[in-house]
Structure formats: C-alpha cells, structure tokens
Amino acid sequence: MARISVFETNRLSKNNLVGYCEIDLMEVLSQDSEDNLEVINLLDVSSPSKTVGSISVICYFEDPIETEKYFSRRLLAIMDNNGDGKLTFSEFTDLINAFGNQVAAAKKEYLFKKADENGDGFVDIDELATLLAVQQEHESLISNCPVCGEILGKFDKMNAIIHLTLCFDEGTGNQVMTGGFLTDKQASYGWILKLSEWTHFSSYDVGLKYGSSSSHILIFDRRTKRLVEEIIDGKIILSMRAIYQSKVGLTLIDKGSKDLLKSISEKQGRKMNSLESAKDIPKFIDFFKDQINLDEIKYPLERFKTFNEFFIRELKHGSRPIAFKERDDIAVCAADCRLTAFKTVDDSIRFWIKGRKFSMQGLLGKDICSSEFNHGSLVIFRLAPQDYHRFHSPVSGVVESFVEIPGSLYTVNPIAVNSKYCNVFTENKRVVSVISTSEFGKVAFVAIGATMVGSITFTREKGDYIHKGDEFGYFSFGGSTVICVFEKDAIQIDEDLISNSERSLETLVYVGMRLGVVSKRAQAVKDISRLEQCKLEE
C-alpha cells in the first residue's frame, strides 16, 4: 500500500494537511490498462467517508536493471568532471572513496579494470551499472549512502539500490511531489526541515533507548505498515521529563506529587463531566483530526452533553472486526492502543519497563500472583487520549474475580514507563481481573488508571462468561493502560509484535486484531489431558 498525503504548503508556518489516499499498487499494476492511470479520491483526514478532491496517479513497473542504470547515471553526473559520460581512473577513485567501503577502496585498481570491459581506459554508464549490480550481489561496494550516511546492507540488494536512487532524488522541496517524510506530522513542519526518510528515522529514534529524552514518540501502525508520530503537546513533554526523568522530580513525587496528581485528576474528572466541557469536543477533535475517525462513532456529536460522554464513546457495529471470531485458541487485542508484548517479564524489564522495583507480584498483588504468572508472558496496551477508550476481552472465558488496588495516578506515557525513578505499573491505581479460559488457562487482565483518569469501570461482573472481543469496560478521561498476563507457555504472541517490542517500538493496534495463538506446548498438554480422559471401548 502506498500512501499519498496532499499538503497546502506554507513556508512561514506549518503545512496544512488537505487530504490523503492509499493505493494498492499491485491491484493498479495488474489492471488491463495501457497507461495505468488512476484517478483516486482524496479523503478527509477526520472523516474518510468525505472526499476533498482527487489526484491522478500513474503506476508502472521499472526493471531492476533500469533502476541501477538510473542510479549509475546520477553517480556519473556527479563524478564526471568533464561531462563526457565516462569516468577516468581518478574520477572512479573518488567515487569508490565516497562509498565508504575500505575494502573496496583498497582494491580500486582491480575494480576499475573489472569495470572497464572494453579496455578503453574509461568506465561508462553501462559498465558502471554492471559493476554495481555484480558487486551488490556478492560483495557490496557501497557501505554507506553518500547522501545521508545510512549504513546499507541491512536489507536485500534491491532495497539498497532503491534507497540510493531515492536519496539522490531528494531535491530542495520545490518539486510538486516529494517523498522521504517519515510521518504526516513531520511533513506539516515545512520544507525547510525536509530530510530523507532514513536520515530522519535515525534522528528521531524510537523506543526505550531514546523515548525518555526525545520530543517525539514514533510508533508502528500495524494496519498501514507505516511509522506514525504520536501527537503530544510540547509543554506536557517538558513537564513529564521534569517530573519523571530526574532525581529532583523523584523527590517531588515522594514528597507530595502523588497527592497532587490525584487531586488534579479528580478535579479534571469533575470538569469533564460538566455540561460546559462539551465545548472542548470540537477543539479536541481538531487537535487529533487525523487520528479520530468520526465515521466510526456510533452516535452524532450533538448527542454528547459532556466531554466525558464523548471520551467514552461507543463505535458502530462492525467498526472493529474480531479476528477468527469462532476460534477461542486465538487471542485478540484488547484495545485501540500502542502495544508492547514480551515473552517473559525479564524481557519486558530489559526492553521497556525501567521502574526501580517492577515485579509480577507488585503488579497483580500477592492474592492473584502465582508461579505460572511470574514466568508468564506480558502484553501492555497503552491508550492515548485520542483513542477509543473502551477495552475488550482478549480471550473467551469466565470472569473469576475483580481485585481493586489503590494507588497513584502517574502518567502511562513511555517517558514515565521508561524512567528508572518511578514504578508506574506497580504503584498506580488499578483493578485486576482474572479470566479462566479453556484454551489459555488463567489470564490476568489489569486495568491501570493514569493522570486524569479517575475512573475505571467494568461492564461485566464476577461469574459472567465473556467472549473474546466483547466489551469488558472503559476508562474515563485521560490516558490509561491495560496489561494482560498469560501463564507460562500459554500463548505464542505474533512475531511482528514481539519483534517491534524487542526494538522498544510500540505497535499501533486496534480492538480485535490478532494477538497470538495457543502455544504448541500448551496445546500438547491439553491433548495429553484429553487422551487420559478417554476410555477405550471394548
């Protein structure tokens, strides 16, 4: 899927996102059309059912050899000092040195002779393209992109060539169409901040290593397979860093900020339940206009008499399809959220949670925590203010219990979770529920309050049977988190979720998306148990 975003440019302030479209390239290219011209509607970012214009797009295949030749032409144009379309040995040497490959630089005479197939003492475009193609296949000449400095060779040969071709195509931003923006939000900053995607990715950085110091939070959207940027007000980021990322902030927390955060949350909760709070709804929607789909909301905006009524909004039936709904051996995502998942608690501490005293017993409480949970898998669903704030059951089973654990109301933002100075998940107010399932054993479901969240409401009761994907409850105003703990070896979490989490990169998921399957070991134990219960017939 290719995404094209259209902006009204403004060189003095932020560019304005007008609309977007997404194109299934394979679908377009497989059509029986001479020119492959597609006229595609541009969709409103707040309401994708609305059209704001159209864009004409031509898609075509390019032979990999042509891509390599195009790149070779660009190299020749830069290194060919006399403009004759050929490289002398001196020019060829400069080119090899620019590639940053010390091994290649040490044998440039050999490479020049290898490239000069006709022996005329020059390397032309075809000879250079052949050399690049052959060497990329066996021993890459180019270690670093000469434009952005990105280390190449991480992926396959074609990705490296595409990277180089696009990087050399980067202009001043004066062209009508330009690529290389990592997120729509980045593009809105204006052309002056234009950088190639690869450079900008490394300057933004992701996850735990940089999450506590960076002013941007990048997450991977599982639905669109793109990196997106989480919108947080800059003043709030500075405040969170001051409180959660320093010893001074820790001292404040220990000496009274806990009570202050609780007081603020309670006061804000009362405000958001007042009739006058309804006027904040349009401003909230505008701030998150590309992250709230108004078409999905069950009721019209006029129906919401307070901000909190809008915040705990319901969605239209079918907005969140449940993956493999009839199969209870497949677990699903419990919330619209930024997800991190870990095979063990130790992994979660190594890659994500940096609190001073995080433990499974601290999270679940001694009454619920067992040895199986202690060595189990952990899935963290972090909800941001703009998200749909009702949470759903990831599995099918009987609700065994609810245990309320009083506590603080720290933010659940990564800036706090990644801090070594506080223990967000084990100190925050939370409700722990246990769901007993036939496929996954017992699953602990922990709803955790956060700053501005004074209320956690469950819509099911002890003893109820709940199907996976069914609504389980909701959070009132603010950000919040759900943590699901599976018993040891009970679930095999989907690999893409594990892989992102090991990079300390959150994955944007939606209710009902597949989370994982019953592990092979758990399934084998169940099969043995069933066999033992069977009686041989005479």
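Predicted model: local features only at pLDDT ≥ 70, side-chain atom pairs only at ≥ 80, totals over all residues.
Strand 7 spans residues 217-221 and strand 8 spans residues 226-230. The two strands pair in the antiparallel sense, with five bridges between them. In this pairing Ile-217 is placed opposite Glu-230 of strand 8. Four residues separate strand 7 from strand 8 in the hairpin that they form, and in the turn Lys-225 adopts a positive phi of about 60°. Strand 8 is mostly covered, since four of its five residues are buried.

Aromatic pairs number 19 in the structure. One of them joins Phe-284 and Phe-310 in an edge-to-face arrangement, with 6.2 Å from centre to centre and 80° between the planes. Phe-284 belongs to helix 13 (residues 280-287) and Phe-310 to helix 14 (residues 307-311), so this pair ties together parts 26 residues apart in sequence. Both partners are shielded by the buried criterion of under 20% relative accessible area: Phe-284 counts as buried because its relative accessibility is 12%, and Phe-310 is buried with a relative accessible area of 0%.

Two arginine side chains are placed over tyrosine rings. Arg-223 lies over the face of Tyr-510, at 3.8 Å from the ring centre. For Arg-303, the charged end sits over the ring of Tyr-299, at 3.7 Å from the centre of that ring.

Methods: Residues numbered from 1 in each chain as written. Heavy atoms only, no water. Buried < 20%, exposed > 50% of the residue type's maximum accessible area, 1.4 Å probe, protein only. Pairing = 2+ DSSP bridges. Phe/Tyr/Trp six-rings, centres within 6.5 Å; stacked < 30°, edge-to-face > 60°. Lys NZ or Arg CZ within 6 Å of the ring centre and 35° of its normal.
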